[in-house]
Amino acid sequence: MFLTWCDLRRADMRGVDLRGSILNTSDLSSAWLANAQLSGVQFSAARLCGARLDGADILGANFCEADLRDVLGLTAAQLSGAVIDEATKLPEELERDPWVVSRRSFCHTWRETHGSLSTPPPTPAPAGY
């Protein structure tokens, strides 16, 4: 599904299956995406401020340049399989999380060696996490 540049603010999309969709530059601020199937979704430069992502499957989702500040229910474990870059804006507690820091670095290295169209495999939790 192509939903580029869509205004989906405050949309109730609990449990929706958007696998493989393209939502680049869309506004999903305060959208409710709990338990949604979002694997492989392209969220490049999308705005998800205040969105709820509790239990959402974001494996392989691309959040490069996306704004996820104030997102609710997002965990380091979820982000371990997503694509993030140095321009991805995350909630403060996730910005400092060692697993997320490791993931961001891994995504950067992966994209330099494999290209931007390739999705890196999940990053394992750091020792002692």
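Figure 1. Ser30 belongs to the segment before α1. The model shown here and in the other views is predicted. The phi of Ser30 is near 60°, a positive value in a residue that is not glycine. With a relative accessible area of 40%, Ser30 is partly exposed. Ala45 is also placed in the segment before α1, and its phi is likewise near 60°, positive although the residue is other than glycine. Ala45 has 35% relative accessibility and counts as partly exposed. As background, most residues other than glycine have a negative phi.

Figure 2. Ser29 lies in the segment before α1. Its relative accessible area is 10%; the cut-off for buried is under 20%, so Ser29 is buried. The side chains of Ser29 and Arg47 are joined by a polar contact of 3.3 Å. With residues up to four places away in sequence left out, Ser29 touches Arg9, Arg10, Arg47, Leu48 and Cys49.

**Figure 3. Arg14 and the ring of Trp32.** The charged end of Arg14 is placed over the ring of Trp32. The distance from this charged end to the ring centre is 3.8 Å.

**Figure 4. The stacked pair Phe43 and Phe63.** The count of aromatic pairs, taken as rings with centres within 6.5 Å, comes to three. In one of them, Phe43 and Phe63 have ring centres 4.9 Å apart and planes at 5°, so the pair is stacked. The pair links distant parts of the chain: Phe43 and Phe63 are 20 residues apart, each in the segment before α1. Both Phe43 and Phe63 are buried.

**Figure 5. The tilted pair Phe106 and Trp110.** Another aromatic pair is formed by Phe106 and Trp110, with 5.9 Å from centre to centre and 45° between the planes, which is a tilted arrangement. Both residues lie in helix α3, four residues apart, or about one turn of the helix. In general, an α-helix has 3.6 residues a turn, so residues three or four places apart point the same way. Phe106 has a relative accessible area of 29% and is partly exposed. Trp110, at 18% relative accessibility, counts as buried.

**Figure 6. Helix α3 and its buried side.** Helix α3 covers residues 98-114, 17 residues in total. From its first C-alpha to its last it reaches 24 Å, close to the 24 Å expected at 1.5 Å a residue. The residues Trp99, Val100, Arg103, Arg104, Cys107 and Trp110 of α3 are buried. They cover an arc of only 135° around the axis, and therefore lie on the same side of α3. The buried residues of α3 pack against α1 (76-79) and α2 (92-95). On the face turned away from the buried side, α3 carries the exposed residues Glu112 and Thr113.

**Figure 7. The two ends of α3.** At the N-terminal end, α3 is capped by Asp97. A side-chain oxygen of Asp97 lies 2.8 Å from the backbone nitrogen of Trp99. Just after α3, Gly115 takes a positive phi of about 95°.

**Figure 8. Leu90 and its contacts.** Leu90 is in the loop between α1 and α2. With 5% relative accessibility, Leu90 counts as buried. When neighbours within four places in sequence are set aside, Leu90 is in contact with Leu68, Arg69, Leu79, Ile84, Glu95, Val100 and Arg104. Val100 and Arg104 are among the buried residues of α3. Leu90 and Val100 are ten residues apart in sequence, and their C-alpha atoms are 9.6 Å apart in space.

**Figure 9. Ser80 and its contacts.** Ser80 is placed in the loop between α1 and α2. Ser80 counts as buried, at 8% relative accessibility. Not counting residues up to four places away in sequence, Ser80 touches Trp99, Arg103, Pro122 and Thr123. Of these, Trp99 and Arg103 belong to the buried residues of α3.

Note on methods
Residues numbered from 1 in each chain as written. Predicted model: local features only at pLDDT ≥ 70, side-chain atom pairs only at ≥ 80, totals over all residues. Heavy atoms only, no water. Expected span 1.5 Å × (residues − 1). Buried < 20%, exposed > 50% of the residue type's maximum accessible area, 1.4 Å probe, protein only. Arc of directions from axis to C-beta. Contact = heavy atoms within 4.5 Å. Polar contact = N/O pair within 3.5 Å; in protein donor to acceptor, adjacent residues only side chain to side chain. Phe/Tyr/Trp six-rings, centres within 6.5 Å; stacked < 30°, edge-to-face > 60°. Lys NZ or Arg CZ within 6 Å of the ring centre and 35° of its normal.
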